[in-house]
Amino acid sequence: MAPGLRSPPGCGRGQGSRCRPAGSPREWGGAVKHCGTRSARRAGDESLQILVGSDGDNLPLMEMGTCKLETSHQWDCVLVADLQTQKIQKKVQRQQQFLEKLESKGFQFKVIKDRKKVFFGIRADSGIFDLYRTLLMKPEDPGPRAKLNKMNCIPATTRIRIVSFVVNNKMKPGETFEDLVKDGVFETMFPLHEGEKDLKKKWARWRNMFRKQPIDDIRNYFGEKVALYFVWLGWYTYMLVPAALAGLIIFLSGFALFDSSQISKEICAAKDIFMCPLGDNSRRYQPLSEMCTFAKLTHLFDNEGTVIFAIFMALWATVFLEIWKRQRARVVLHWDLYGWDEEEEEMALELINCPDYKLRTHHHSYLNSTIILILSVFMICFMIGMAHVLVVYRVLAAALFSSFLEQQVTTVVVVTGAVVHYVIIVIMTKVNKWVAQKLCNFEDPRTFSERESKFTVKFFTLQFFAHFSSLIYIAFILGRINGHPGKSTRLAGLWKLEECHLSGCMMDLFIQMAIIMGLKQTLSNCVEYLRPWLALKCRLMRAHEHGRESRDPDLEEWQRNYRMNPVNTFSLFDEFMEMMIQYGFTTIFVAAFPLAPLLALFSNLVEIRLDAIKMVRLQRRLVPRKAKDIGTWLQVLETIGVLAVIANGMVIAFTSEFIPRVVYKYRYGPCRQNRNFTEDCLKGYVNHSLSVFYTKDFQDHGRMEGQENVTTCRYRDYRNDRDYNFSEQFWFILAIRLAFVILFEHVALCIKLIAAWFVPDVPQSVKNKVLEEKYRILREKMCFSSRSTDV
């Protein structure tokens, strides 16, 4: 038997272990499981035993291979298995084989059970971390002894990262920990929450919502990747302040003109202008004056300041990213990670895990790329198809609600359609994640970071279409393919397609944006917090009812961590994705919803503390990841910035009334005909923007209410009153719309490029510090070389 390990007759005595009476395994109630190991086979006639006794019983802590007793309580991670697995010999053997492989790599373990679970405390030998230091030390670094002294203390985040990598990666020959979890051999693995009291006090509290985040403490506890997420989120929230103020000013400026707008005055006074019925079941010619309130509300966000605000947001998005790059450079230099190489780190971890590791080189398959592209396009088409499902719902809902909500049917359909869209988003998010994972598995990325990057691109692309396809439909398609009164386009030849609100399509887009953002920022945040909070409370209540407190401090700590909500590879990824979608809503259709930055600001103030509380108080500890930037998310942000310029330009040109108002003012209005005209130049715009339809051309005109007094009705379009074809004004305005889109996008993109050039990505102070460090190293090398020559 290896020294330091005693077995019955006798008993294992370690930290917190209790003595068992001598006897056979049968007399111990089956508490002793015999599992052969490499050490035992060398001994020839003895075996290593995993002792699983009653609550709190445990093995002496063994250094695998030498089996020396240890007294340290520091554990890098804990594996958990169901107690029932100890009754299945095959699963016990697989557990033992897995632990033997960890033993061969220099790991120590401790086994304790409670009433339902078996816990395996895992700790790596210091030799593993010495190897890590050796592999990542640059040969040309001066003063290797000083370098070693500097790195002598291994941070807990580094220990956990290395141990987690080794445990989760395939051990050849053998199977991965994930395979064992799928087969029920183990249940989970997690690092322990230790030393988090300062973070709970300074960071993970609602009362600290307006306090500065302790970024260095977050980095020292959760690693650089999590810390960079909170650095980015904090900076994004800070930069939302000017955007929110600008949007609020634009919105409030509409209030200043709430009653003085010429267009609103004309609509409110147009009691003798009747609008054509929108739906099949509507039998009433609605006076335009009934749209008075909606016209005033529309002017709050569809006014002359909309264009300026859209250009401002394009500039804001660029400045935000450029200053973020500078902020990141400062933080990374402060953490001494400016020259850190992620590929080198991953190769070092692979070599620690398997000294015979063979390098996987970069490869590219045009066949695989073609298949992935085809599948991705298919999924995008499916997302667009889901938008058509929403269209079908709105058409059918309009037909249903019009029978008992004649006057407010359009508003009700828009509101319920937005809620249905939100439900579709929640469902498709799960589908999109599964599809993106399968596509990544098919592509077979070389490393974990490469897999994460490819997964990010695929998942975000699918999520973008899931979130924004219906908004694109409302902004650019709704009401434009419907034909005209008397000859409407119908779905399946039966149901008339939905029209825009009588006050304009901007109202539909505004309502859709407001509801989706409101639900995502309130309902989603409530669910995000309450679900893990309630789950943790339920587990604690069940544990308090069914079990007594353990007298083993290790077991007590492991149980506390186990009861917390589980985390996975996507935990931080999901937080990033949530913020990217919010950033898209904040920028892409901001011209239609200038309050989006304000809602995002309030949401982020809550989100920072919500995420902090989740990570520290409600969830198991995330496995720390090293990073020097936010990775592919930066390219996602830049892509959103470009899409925002295009989308906002098209919203102003095709969805809002900005272009028709300008064209009327300078081509058809009274100011063009009479330069001495002293009244508002938009006088008569409402009558000019509405086409005429003769009610006698309705097939069922006789069934309309008040039809004997109405000979013409009006509808929003530019058509002549003879054959109802597009008028000359329609084609002229369309040309101006297209010209505006081209001009707006070029001007906005030029501003973005100038801003990107004007603000350097890396501050000069950071460049100078890096330059000084290189100079210092060269000087030390030169001095060292001179002393060697003299000797």
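Me: Which residues does Leu79 touch, not counting residues up to four places away in sequence?
Reply: The model is predicted, so local features need pLDDT of at least 70 and side-chain atom pairs pLDDT 80 or more, while totals for chains, interfaces and linings use all residues. Residues are numbered from 1 along each chain as its sequence is written, and side-chain values use heavy atoms, leaving out hydrogens and water. A contact means heavy atoms within 4.5 Å. By that rule Leu79 touches Phe98, Val118, Phe119, Phe120, Ile122, Val167, Phe177, Phe186, Thr188 and Met189.

Me: Is Leu79 buried or exposed?
Reply: Leu79 lies in strand β4, residues 77-82; a strand is a DSSP run of E with at least two residues, a helix one of H or I with at least four, both numbered from the N terminus. Buried means under 20% relative accessible area, exposed over 50%, and partly exposed in between, with a 1.4 Å probe and protein chains only. Because its relative accessibility is 0%, Leu79 counts as buried.

Me: How many Å apart are Leu79 and Phe186 in space, C-alpha to C-alpha?
Reply: Phe186 is among the contacts of Leu79. In sequence the two are 107 residues apart. Their C-alpha to C-alpha distance is 7.2 Å.

Me: What is the phi of Asp336 near?
Reply: Most residues other than glycine have a negative phi. Asp336 is in the loop between α12 (305-334) and α13 (342-353), and its 57% relative accessibility makes it exposed. Its phi is positive, near 60°.

Me: Is Tyr724 buried or exposed?
Reply: Tyr724 sits in the loop between β15 (712-716) and α25 (728-758), with a positive phi near 65°. Its relative accessible area is 8%, so Tyr724 is buried.
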